[in-house]
Amino acid sequence: AAGTDIMGVCDHFALEFFHRVDEAASKASAPLLVLPGAEMRLRWGDDEAHLVALFPHGACDDRFAELMSIVGYDAGARTGPLAHVVLECDPVEAARAVDRLGGMCHVAHVDRVFGDYRLLGSPLLERLVTDSPVLAVDFVDIDHVWELEELASRVACIQSSDSHHISEIGRRRTIIEADEGSFAGLCDALAAKRTTIVR
C-alpha cells in the first residue's frame with residue numbers, strides 16, 4: 001500500500017521479525033521483496049555509528065549469527081530493550097565483516113541527533129565512507145547531504161522510513177533504479193548511486 005517494492009527488516013541485533021514479515025509478504029497480493037537485516041549501534045572511542053546490515057535470503061540465519069559473534073553481541077547477557085544495546089566495536093571493521101559474509105551495509109540516520117552527538121561531520125563517518133565497503137549513507141532529512149561535502153560523491157545518499165511502527169512504513173523512501181528486484185540488483189544500483197529521493 002505504501003508503494004514499496006523492497007523492504008529491509010532491520011531490528012536492533014535481531015532477525016526473528018524478518019521471518020514473520022517475509023511470510024506475510026509471500027501471501028500479499030503485490031510482490032514485495034523482504035530482506036533480512038539488523039541495525040547495530042556501535043561505539044568506537046567518542047563516536048557512535050548505527051550500521052544497517054542486509055543479507056540475501058540464503059543462509060541468512062547463519063550469516064547473522066556469525067556477524068553477531070564478530071561484533072561481540074551476546075543475546076544471553078542482554079538486559080533491557082535491544083534498541084539500547086551499544087557495543088564497543090569499530091564500525092569500519094563491522095562493515096567489512098558484513099561484506100565478507102555476503103551482505104551489504106549502510107550507515108543509518110547520520111544526521112539524527114542523539115543528546116548532543118551527531119555522526120554527520122565526524123571523522124568516523126569519513127572513515128566509513130572512505131575505508132569500508134558501505135554502499136549508502138542514510139539521512140533523516142536529505143537536505144543535510146551538503147554537509148557530507150566531497151564525500152557525497154563517493155557513496156549513495158538515501159532516505160529510509162526507519163519505521164518503528166507499521167503506520168510509518170514508507171514515510172521516507174528512496175527510488176533505487178535496479179536492473180532487477182533482487183538483493184544483487186539492489187547492491188549494484190547502490191554501488192552505481194542510481195538513487196532518487198522521494199520528497
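Trainee: Which residue does the side chain of E93 meet in a salt bridge?

Mentor: Start with the cut-off: a salt bridge needs a side-chain nitrogen of Lys or Arg within 4 Å of a carboxyl oxygen of Asp or Glu. Here the N to O distance is 2.6 Å. The partner of E93 is R96.

Trainee: What kind of model is this, and which pLDDT must side-chain atom pairs have to count?

Mentor: Residues are numbered from 1 along each chain as its sequence is written, and side-chain values use heavy atoms, without hydrogens or water. The model is predicted; totals for chains, interfaces and linings use all residues, local features need pLDDT of at least 70, and side-chain atom pairs need pLDDT 80 or more.

Trainee: Which helix holds both E93 and R96?

Mentor: Helices are DSSP runs of H or I with at least four residues; strands are runs of E with at least two, and both are numbered from the N terminus. E93 and R96 sit three residues apart, about one turn of the helix. That helix is α3.

Trainee: Is E93 buried, exposed or partly exposed?

Mentor: Buried means under 20% relative accessible area and exposed means over 50%, with partly exposed in between (1.4 Å probe, protein chains only). E93 has 37%, and R96 has 32%. So E93 counts as partly exposed.

Trainee: How many residues separate D90 from R127?

Mentor: These two form a salt bridge, with the closest N and O atoms 2.9 Å apart. The pair links distant parts of the chain: D90 is in the loop between β4 (87–88) and α3 (91–100), and R127 is in helix α4 (residues 123–131). The separation is 37 residues.

Trainee: How many salt bridges does the structure hold?

Mentor: K27 and E23 form one, with the closest N and O atoms 3.4 Å apart. R41, R43 and E48 are linked in a network of them. The structure's total is nine.

Trainee: Which residues have the most contacts inside the largest nonpolar core?

Mentor: A nonpolar core is a set of buried Ala, Val, Leu, Ile, Met, Phe, Trp, Tyr and Cys residues joined through side-chain atoms within 4.5 Å. The largest one has 47 residues. Those with the most contacts inside it are M40, L51, L67 and V71.

Trainee: Which residues is V71 in contact with, leaving aside neighbours within four places in sequence?

Mentor: Contact means heavy atoms within 4.5 Å. By that rule, V71 is in contact with M40, L87, C89 and A94.

Trainee: Where is D162, a residue with positive phi?

Mentor: Phi of D162 is near 45 degrees, and the residue is not a glycine. At 19% relative accessibility, D162 counts as buried. Its place is in the loop between β7 (156–158) and β8 (173–176).

Trainee: Where is E149?

Mentor: E149 is another residue other than glycine with a positive phi, near 55 degrees. At 57% relative accessible area, E149 is exposed. Its place is in the loop between β6 (136–138) and β7.
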